[in-house]
Amino acid sequence: MNERIQQHFMASIDTKTRAAQILAEPIEAAARRMTYALVGGHKILSCGNGGSAGDAQHFSSEMLNRFERERRGLPAIALTTDTSTLTSIANDYSYDQVFARQLRALGAPGDLLLAISTSGNSANVVEAARAAQELGMHVIALSGRGGGALHEVLTGEDIEICVPSESTARIQEVHLLVIHCLCDLIDRQLFGDI
């Protein structure tokens, strides 16, 4: 059992090492884009399913409350938290529309969508990206496995952070680290070094 645990740690370290080399530039670009939106009075909306829903909520909570320093809250909304809204949209329309329909009501030009899907193939996340683009919002996509269908809908104005892995667990581990990098960089750009 100890050997299996060591294998998980080593696989995580290996994936993070490869990702650091590939993803540093898009992470930096995403943090700049997010900071620019926040300075302009806009908000960041986030979505995902399962563990990615948890990541969307994690990001939003770090923005609304604080990351590692005392500061004012920053405007962010996780589209994954309102069960009455999610279930009514899924019931009345389809599960593919649970995020897109919320975006059309809550999003505005200049806002950003943080779209999270480990495979890039979550139909409701892809539909959210399309809705965001229709509204004049940019998309920051967190994905893995080559980006899937989400990669296909992104434009040159969007930013893709695609983890170089096929393993859901490894992709999610890197997504959490990316979220913490984004939070740190946003705080530093808005409030300076600690």
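Colleague: Why are arginine 32 and glutamate 28 separated by about one helical turn?
Modeller: First, a caution: this is a predicted model. Arginine 32 and glutamate 28 are four residues apart in helix 1, which means about one helical turn between them.

Colleague: What makes the pair of arginine 32 and glutamate 28 a salt bridge?
Modeller: Their side chains meet at 2.3 Å, N to O. The cut-off is 4 Å, so the pair counts as a salt bridge. By this rule the count comes to ten salt bridges.

Colleague: Why is arginine 32 called partly exposed?
Modeller: Its relative accessible area is 47%.

Colleague: How do you know that the salt bridge of glutamate 134 and arginine 104 links distant parts of the chain?
Modeller: The N to O distance in this salt bridge is 3.3 Å. Glutamate 134 is in helix 5 (residues 123-134), while arginine 104 is in helix 4 (residues 100-106). The two are 30 residues apart.

Colleague: Is glutamate 134 buried or exposed, and why?
Modeller: Exposed: its relative accessibility is 58%, and the label needs over 50%. Arginine 104, at 40%, is partly exposed.

Colleague: Which residues are linked with Arg188 in a network of salt bridges?
Modeller: Asp184 and Asp193. The side chains of aspartate 193 and arginine 188 meet at 2.6 Å, N to O. Aspartate 193 counts as exposed because its relative accessibility is 63%. Arginine 188 is partly exposed, at 36%.

Colleague: Why does cysteine 162 count as buried?
Modeller: Its relative accessibility is 19%, and buried means under 20%. Cysteine 47 is at 0%, so cysteine 47 counts as buried as well.

Colleague: What joins the side chains of threonine 80 and glutamine 57?
Modeller: A polar contact of 2.9 Å. The limit is 3.5 Å, so the label holds. Threonine 80 sits in the loop between strand 2 (76-78) and helix 3 (83-92). At 11% relative accessibility, threonine 80 counts as buried. Leaving aside neighbours within four places in sequence, its contacts include Cys47, Gly48 and Phe99.

Colleague: Where does arginine 33 lie, and what does its side chain make a polar contact with?
Modeller: Arginine 33 lies in helix 1. Its side chain makes a polar contact with the side chain of histidine 138, at 3.5 Å. Arginine 33 and isoleucine 159 are 126 residues apart in sequence, yet 9.0 Å apart in space, C-alpha to C-alpha. Arginine 33 is partly exposed because its relative accessibility is 22%.

Colleague: Last one. Which residues make the nonpolar surface patch of about 610 Å²?
Modeller: Met1, Ile5, Phe9, Met10 and Ile13. Methionine 1 lies in the segment before helix 1 (2-39). Its relative accessible area is 85%, so methionine 1 is exposed.

Conventions:
Residues are numbered from 1 along each chain as its sequence is written. This is a predicted model: local features need pLDDT of at least 70, side-chain atom pairs count only at pLDDT 80 or more; totals for chains, interfaces and linings use all residues. Side-chain values use heavy atoms; hydrogens and water are left out. Patches are made of residues with over 30% relative accessible area and no salt bridge: like charges are joined within 9 Å, nonpolar side chains (Val, Leu, Ile, Met, Phe, Trp, Tyr) within 5 Å. Accessible areas come from the Shrake-Rupley method with a 1.4 Å probe; for residues, only the protein chains shown count as cover. Buried means under 20% relative accessible area, exposed over 50%, partly exposed in between (1.4 Å probe, protein chains only). A polar contact is a pair of N or O atoms within 3.5 Å; within protein, one must be able to donate a hydrogen and the other to accept it, and residues adjacent in sequence count only if both atoms are side-chain atoms. Contact means heavy atoms within 4.5 Å.
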